[in-house]
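Please look over the sequence and the model shown here before reading the notes on one helix, one metal site and some backbone angles.

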Amino acid sequence: MIRPARRLTKVLDAINDPRNPLWVPLQFSRYLAESKSPLKEVHDKVLFSLTVDMEQDFGLPDHLDYYQGIEKGIAPLLDIMQEANVSTTFFVQQTVLTGHPRIIESVHSAGHELGYHGKEHEVWGDARWWLGDDRILTRSEKREYLDEDINRIEELIGERPRSFRAPYMVANKGTLDILEDSGFVCDSSGAAYHGVEPRPLRSRGQGLVQIPVSADPCPRIHLTPIPHARFEYLQTSTLTRSGIDGALALARSILSYQVLHGIPPHLVMLSHPWEYIDHGRTPGPGFDYAGKANISHLREFIRALKKLLDLEPVTMETLAREVGP
Ligand SMILES: [Zn+2]
(Lines give C-alpha, C1' and ligand atoms only; values in the text may rest on other atoms or scores of the structure.)
Protein backbone atom coordinates (compact mmCIF):
# COMPACT_ATOMS: atom_id res chain seq x y z
CA MET A 1 0.00 0.00 0.00
CA ILE A 2 1.40 3.39 -0.98
CA ARG A 3 0.72 6.05 1.62
CA PRO A 4 -1.43 8.96 0.37
CA ALA A 5 1.31 11.54 1.07
CA ARG A 6 3.78 9.53 -1.00
CA ARG A 7 1.24 9.10 -3.77
CA LEU A 8 0.81 12.87 -3.88
CA THR A 9 4.61 13.32 -4.07
CA LYS A 10 4.69 10.90 -7.00
CA VAL A 11 1.88 12.75 -8.82
CA LEU A 12 3.62 16.10 -8.31
CA ASP A 13 6.90 14.59 -9.50
CA ALA A 14 5.22 13.30 -12.67
CA ILE A 15 3.73 16.75 -13.32
CA ASN A 16 7.04 18.51 -12.71
CA ASP A 17 9.10 16.10 -14.79
CA PRO A 18 10.48 18.13 -17.74
CA ARG A 19 9.94 15.08 -19.99
CA ASN A 20 6.19 15.19 -19.35
CA PRO A 21 4.05 15.63 -22.55
CA LEU A 22 2.54 18.71 -20.86
CA TRP A 23 5.85 20.53 -21.25
CA VAL A 24 6.45 19.67 -24.92
CA PRO A 25 5.77 23.24 -26.17
CA LEU A 26 8.19 24.62 -23.57
CA GLN A 27 10.82 21.97 -24.32
CA PHE A 28 10.40 22.50 -28.06
CA SER A 29 11.17 26.19 -27.65
CA ARG A 30 14.23 25.24 -25.58
CA TYR A 31 15.21 22.83 -28.33
CA LEU A 32 14.99 25.60 -30.93
CA ALA A 33 16.99 28.02 -28.78
CA GLU A 34 19.72 25.49 -27.91
CA SER A 35 20.04 24.00 -31.36
CA LYS A 36 20.56 27.49 -32.83
CA SER A 37 23.33 28.43 -30.40
CA PRO A 38 26.72 28.49 -32.16
CA LEU A 39 28.86 25.37 -31.90
CA LYS A 40 32.10 26.17 -30.09
CA GLU A 41 35.34 24.35 -30.70
CA VAL A 42 37.05 23.04 -27.60
CA HIS A 43 40.74 23.86 -27.47
CA ASP A 44 41.27 23.56 -23.73
CA LYS A 45 42.12 20.48 -21.76
CA VAL A 46 39.00 18.36 -21.14
CA LEU A 47 38.79 16.53 -17.82
CA PHE A 48 37.09 13.16 -18.21
CA SER A 49 35.70 10.92 -15.50
CA LEU A 50 34.55 7.49 -16.65
CA THR A 51 32.58 6.54 -13.54
CA VAL A 52 31.44 3.02 -12.66
CA ASP A 53 28.55 2.24 -10.28
CA MET A 54 29.24 -1.09 -8.54
CA GLU A 55 25.92 -2.68 -7.64
CA GLN A 56 23.83 -5.84 -8.19
CA ASP A 57 23.01 -6.76 -11.79
CA PHE A 58 20.83 -4.10 -13.48
CA GLY A 59 20.63 -2.19 -10.14
CA LEU A 60 17.21 -3.73 -9.61
CA PRO A 61 15.81 -4.33 -6.10
CA ASP A 62 14.80 -7.91 -6.99
CA HIS A 63 18.33 -8.75 -8.19
CA LEU A 64 20.08 -8.42 -4.83
CA ASP A 65 21.43 -11.98 -5.12
CA TYR A 66 22.95 -11.46 -8.58
CA TYR A 67 26.46 -10.08 -9.05
CA GLN A 68 27.59 -11.44 -12.43
CA GLY A 69 28.54 -7.90 -13.45
CA ILE A 70 30.85 -7.49 -10.45
CA GLU A 71 32.33 -10.97 -10.86
CA LYS A 72 32.92 -10.85 -14.62
CA GLY A 73 32.66 -7.20 -15.66
CA ILE A 74 35.17 -5.43 -13.39
CA ALA A 75 38.29 -7.20 -14.69
CA PRO A 76 37.83 -6.20 -18.37
CA LEU A 77 36.94 -2.63 -17.28
CA LEU A 78 40.17 -2.44 -15.26
CA ASP A 79 42.10 -3.73 -18.30
CA ILE A 80 40.64 -1.07 -20.60
CA MET A 81 41.43 1.62 -18.06
CA GLN A 82 44.99 0.46 -17.60
CA GLU A 83 45.48 0.29 -21.36
CA ALA A 84 44.14 3.83 -21.83
CA ASN A 85 45.89 5.20 -18.75
CA VAL A 86 42.57 6.15 -17.15
CA SER A 87 42.03 6.47 -13.42
CA THR A 88 38.52 7.13 -12.27
CA THR A 89 35.90 6.65 -9.56
CA PHE A 90 34.05 3.44 -8.76
CA PHE A 91 30.95 4.13 -6.65
CA VAL A 92 30.52 1.03 -4.51
CA GLN A 93 27.43 -0.32 -2.80
CA GLN A 94 27.49 -1.94 0.65
CA THR A 95 26.47 -5.41 -0.60
CA VAL A 96 29.49 -5.37 -2.95
CA LEU A 97 31.80 -4.22 -0.15
CA THR A 98 30.75 -7.09 2.07
CA GLY A 99 30.29 -9.72 -0.66
CA HIS A 100 33.28 -9.01 -2.91
CA PRO A 101 36.00 -7.30 -0.83
CA ARG A 102 38.85 -8.76 -2.95
CA ILE A 103 37.39 -7.18 -6.10
CA ILE A 104 37.15 -3.83 -4.28
CA GLU A 105 40.81 -4.15 -3.30
CA SER A 106 41.76 -4.87 -6.91
CA VAL A 107 40.00 -1.65 -7.99
CA HIS A 108 41.79 0.34 -5.30
CA SER A 109 45.20 -1.13 -6.02
CA ALA A 110 44.75 -0.30 -9.72
CA GLY A 111 44.81 3.36 -8.60
CA HIS A 112 41.10 4.24 -8.77
CA GLU A 113 39.01 6.22 -6.30
CA LEU A 114 36.35 4.36 -4.30
CA GLY A 115 33.15 6.37 -3.85
CA TYR A 116 29.88 5.31 -2.24
CA HIS A 117 26.60 4.19 -3.89
CA GLY A 118 24.32 3.32 -0.93
CA LYS A 119 23.47 0.03 0.72
CA GLU A 120 21.14 -1.98 -1.54
CA HIS A 121 20.19 0.49 -4.27
CA GLU A 122 17.50 2.20 -2.20
CA VAL A 123 16.14 5.74 -2.61
CA TRP A 124 18.19 8.58 -1.04
CA GLY A 125 15.75 11.31 -2.05
CA ASP A 126 12.01 11.85 -2.49
CA ALA A 127 9.53 9.53 -4.23
CA ARG A 128 9.66 9.52 -8.03
CA TRP A 129 6.74 8.62 -10.28
CA TRP A 130 8.83 6.12 -12.28
CA LEU A 131 10.33 4.31 -9.29
CA GLY A 132 8.40 1.22 -8.32
CA ASP A 133 10.74 0.72 -5.38
CA ASP A 134 9.33 2.51 -2.39
CA ARG A 135 12.23 1.91 -0.04
CA ILE A 136 12.88 5.55 0.72
CA LEU A 137 15.48 6.11 3.42
CA THR A 138 14.82 8.17 6.52
CA ARG A 139 17.40 10.66 7.71
CA SER A 140 18.60 8.31 10.46
CA GLU A 141 18.94 5.37 8.03
CA LYS A 142 21.08 7.53 5.73
CA ARG A 143 23.34 8.43 8.68
CA GLU A 144 23.53 4.83 9.81
CA TYR A 145 24.43 3.44 6.35
CA LEU A 146 26.98 6.16 5.72
CA ASP A 147 28.69 5.70 9.11
CA GLU A 148 28.84 1.92 8.73
CA ASP A 149 30.11 1.96 5.19
CA ILE A 150 32.63 4.78 5.61
CA ASN A 151 34.18 2.54 8.30
CA ARG A 152 34.01 -0.53 6.08
CA ILE A 153 35.73 1.26 3.21
CA GLU A 154 38.36 2.72 5.53
CA GLU A 155 39.10 -0.71 7.02
CA LEU A 156 39.43 -2.23 3.58
CA ILE A 157 41.59 0.34 1.78
CA GLY A 158 42.78 2.71 4.52
CA GLU A 159 40.93 5.73 3.10
CA ARG A 160 37.51 7.28 3.65
CA PRO A 161 35.26 7.72 0.60
CA ARG A 162 34.99 11.33 -0.61
CA SER A 163 32.59 11.00 -3.56
CA PHE A 164 28.97 9.86 -3.69
CA ARG A 165 26.39 8.97 -6.30
CA ALA A 166 22.85 8.18 -5.21
CA PRO A 167 21.17 5.11 -6.71
CA TYR A 168 18.84 6.15 -9.59
CA MET A 169 20.47 9.63 -9.39
CA VAL A 170 17.81 10.51 -6.82
CA ALA A 171 18.99 12.56 -3.82
CA ASN A 172 17.59 15.51 -1.89
CA LYS A 173 18.94 18.37 0.17
CA GLY A 174 18.87 16.29 3.36
CA THR A 175 21.20 13.78 1.68
CA LEU A 176 23.60 16.50 0.55
CA ASP A 177 23.73 17.95 4.09
CA ILE A 178 24.56 14.55 5.60
CA LEU A 179 27.22 13.91 2.94
CA GLU A 180 28.84 17.23 3.67
CA ASP A 181 28.82 16.51 7.43
CA SER A 182 30.48 13.18 6.72
CA GLY A 183 33.41 14.73 4.85
CA PHE A 184 32.35 14.07 1.25
CA VAL A 185 33.69 16.57 -1.31
CA CYS A 186 31.82 15.44 -4.43
CA ASP A 187 28.25 14.41 -5.18
CA SER A 188 27.37 13.09 -8.63
CA SER A 189 23.63 12.50 -8.13
CA GLY A 190 22.35 15.30 -10.41
CA ALA A 191 19.40 14.01 -12.42
CA ALA A 192 20.95 13.67 -15.89
CA TYR A 193 17.66 12.15 -17.15
CA HIS A 194 16.11 15.59 -16.50
CA GLY A 195 18.75 17.21 -18.70
CA VAL A 196 20.42 18.98 -15.79
CA GLU A 197 22.85 21.66 -16.98
CA PRO A 198 26.43 20.25 -17.24
CA ARG A 199 27.69 22.74 -14.65
CA PRO A 200 29.36 22.00 -11.29
CA LEU A 201 27.66 23.64 -8.30
CA ARG A 202 28.90 24.22 -4.78
CA SER A 203 26.73 23.34 -1.79
CA ARG A 204 25.52 25.99 0.61
CA GLY A 205 27.91 24.77 3.30
CA GLN A 206 30.64 25.19 0.61
CA GLY A 207 32.39 21.87 1.18
CA LEU A 208 30.62 19.73 -1.41
CA VAL A 209 30.78 20.11 -5.19
CA GLN A 210 27.86 18.67 -7.17
CA ILE A 211 28.90 17.38 -10.60
CA PRO A 212 26.17 15.60 -12.57
CA VAL A 213 26.67 12.90 -15.19
CA SER A 214 27.07 15.01 -18.34
CA ALA A 215 23.81 15.60 -20.17
CA ASP A 216 22.92 17.56 -23.27
CA PRO A 217 20.70 20.41 -22.06
CA CYS A 218 19.13 20.53 -25.51
CA PRO A 219 16.03 18.31 -25.28
CA ARG A 220 15.00 15.94 -28.08
CA ILE A 221 11.30 15.78 -28.86
CA HIS A 222 10.00 12.27 -29.52
CA LEU A 223 6.62 11.96 -31.18
CA THR A 224 5.74 8.41 -30.10
CA PRO A 225 3.88 6.97 -28.24
CA ILE A 226 2.81 10.51 -27.32
CA PRO A 227 4.93 13.64 -27.82
CA HIS A 228 7.42 13.97 -24.98
CA ALA A 229 10.92 15.33 -24.40
CA ARG A 230 14.04 13.29 -23.67
CA PHE A 231 17.53 14.27 -22.64
CA GLU A 232 20.58 12.41 -23.83
CA TYR A 233 23.33 11.79 -21.32
CA LEU A 234 26.71 10.17 -21.54
CA GLN A 235 26.32 6.50 -20.59
CA THR A 236 27.19 3.03 -21.85
CA SER A 237 23.93 2.65 -23.77
CA THR A 238 24.79 5.79 -25.78
CA LEU A 239 27.69 3.83 -27.32
CA THR A 240 25.41 0.96 -28.37
CA ARG A 241 22.35 2.94 -29.40
CA SER A 242 23.95 5.97 -31.06
CA GLY A 243 27.26 4.39 -32.09
CA ILE A 244 30.69 5.94 -31.49
CA ASP A 245 29.91 8.87 -33.82
CA GLY A 246 26.64 9.57 -31.99
CA ALA A 247 28.42 9.46 -28.62
CA LEU A 248 31.14 11.80 -29.92
CA ALA A 249 28.47 14.20 -31.22
CA LEU A 250 26.82 14.17 -27.78
CA ALA A 251 30.18 14.87 -26.07
CA ARG A 252 30.87 17.76 -28.49
CA SER A 253 27.45 19.25 -27.88
CA ILE A 254 27.93 19.14 -24.09
CA LEU A 255 31.44 20.62 -24.33
CA SER A 256 30.32 23.31 -26.75
CA TYR A 257 27.60 24.35 -24.28
CA GLN A 258 30.16 24.47 -21.47
CA VAL A 259 32.57 26.62 -23.48
CA LEU A 260 29.74 28.96 -24.51
CA HIS A 261 28.65 29.41 -20.87
CA GLY A 262 32.08 29.70 -19.28
CA ILE A 263 31.92 26.27 -17.60
CA PRO A 264 35.29 24.45 -17.42
CA PRO A 265 35.07 21.73 -20.11
CA HIS A 266 34.63 18.31 -18.55
CA LEU A 267 32.76 15.06 -19.18
CA VAL A 268 31.32 12.63 -16.65
CA MET A 269 30.22 9.31 -18.11
CA LEU A 270 27.99 6.77 -16.32
CA SER A 271 28.66 3.05 -16.55
CA HIS A 272 27.95 -0.19 -14.66
CA PRO A 273 29.89 -3.47 -14.73
CA TRP A 274 26.72 -5.45 -15.63
CA GLU A 275 26.61 -3.55 -18.94
CA TYR A 276 29.85 -5.23 -20.07
CA ILE A 277 28.93 -8.92 -19.83
CA ASP A 278 26.57 -11.17 -21.78
CA HIS A 279 23.31 -12.06 -20.01
CA GLY A 280 21.18 -15.08 -20.80
CA ARG A 281 18.10 -12.96 -20.23
CA THR A 282 17.70 -9.28 -19.42
CA PRO A 283 14.84 -7.98 -17.25
CA GLY A 284 13.36 -5.94 -20.11
CA PRO A 285 14.01 -4.22 -23.44
CA GLY A 286 15.52 -1.25 -21.59
CA PHE A 287 18.51 -3.45 -20.71
CA ASP A 288 19.01 -5.16 -24.09
CA TYR A 289 22.07 -3.08 -24.91
CA ALA A 290 24.09 -4.83 -22.16
CA GLY A 291 26.70 -7.30 -23.42
CA LYS A 292 30.37 -8.10 -23.95
CA ALA A 293 30.43 -6.07 -27.18
CA ASN A 294 30.34 -2.90 -25.05
CA ILE A 295 33.93 -3.59 -23.98
CA SER A 296 35.22 -2.89 -27.49
CA HIS A 297 32.76 0.01 -27.91
CA LEU A 298 34.15 1.63 -24.78
CA ARG A 299 37.76 1.05 -25.86
CA GLU A 300 37.00 2.62 -29.23
CA PHE A 301 35.15 5.57 -27.67
CA ILE A 302 38.06 6.43 -25.34
CA ARG A 303 40.47 6.24 -28.30
CA ALA A 304 38.25 8.49 -30.40
CA LEU A 305 37.85 11.02 -27.56
CA LYS A 306 41.63 11.12 -27.09
CA LYS A 307 42.14 11.73 -30.79
CA LEU A 308 39.59 14.54 -30.84
CA LEU A 309 40.37 16.30 -27.56
CA ASP A 310 43.17 17.11 -25.17
CA LEU A 311 41.68 14.58 -22.76
CA GLU A 312 42.80 14.19 -19.15
CA PRO A 313 41.18 11.29 -17.28
CA VAL A 314 40.53 12.07 -13.60
CA THR A 315 38.69 10.77 -10.53
CA MET A 316 35.58 12.60 -9.31
CA GLU A 317 37.46 13.87 -6.26
CA THR A 318 40.04 15.51 -8.55
CA LEU A 319 37.31 16.77 -10.86
CA ALA A 320 35.57 18.45 -7.89
CA ARG A 321 38.81 20.18 -6.96
CA GLU A 322 39.59 21.26 -10.52
CA VAL A 323 36.18 22.42 -11.76
CA GLY A 324 34.38 23.30 -8.51
CA PRO A 325 33.15 26.91 -8.63
ZN1 LIG B 1 23.09 2.40 -9.38
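The report below takes up the helix, then the metal site, then the backbone.

This is a predicted model, in which local features need pLDDT of at least 70 and side-chain atom pairs count only at pLDDT 80 or more, while totals for chains, interfaces and linings use all residues. Residues are numbered from 1 along each chain as its sequence is written, and side-chain values use heavy atoms, with hydrogens and water left out.

Helices (H or I, at least four residues) and strands (E, at least two) are DSSP runs, numbered from the N terminus. Helix H3 covers residues 68-83, and its buried residues (under 20% relative accessible area, with a 1.4 Å probe and protein chains only) include Ile70, Ile74 and Leu77.

The zinc ion is coordinated by Glu55 (OE), His117 (NE2) and His121 (NE2), at 2.0 to 2.1 Å, where donors are N, O and S atoms within 2.8 Å of the metal (3.2 Å for Na, K and Ca), and sites may look incomplete because water is not among the atoms. Glu55 lies in the loop between E1 and H3 and His117 in the loop between strand E3 (113-116) and helix H6 (139-157), so the pair ties together parts 62 residues apart in sequence.

Most residues other than glycine have a negative phi, and most peptide bonds are trans; the table lists departures from this.

| Site | Angle |
|---|---|
| Phe58 | phi near 65° |
| His121 | phi near 65° |
| Asn85 | phi near 60° |
| Thr224 to Pro225 | omega near -5° (cis) |

At 6% relative accessibility, His121 counts as buried.

Note on methods. The expected span of a helix is 1.5 Å times one less than its number of residues. Buried means under 20% relative accessible area, exposed over 50%, partly exposed in between (1.4 Å probe, protein chains only).
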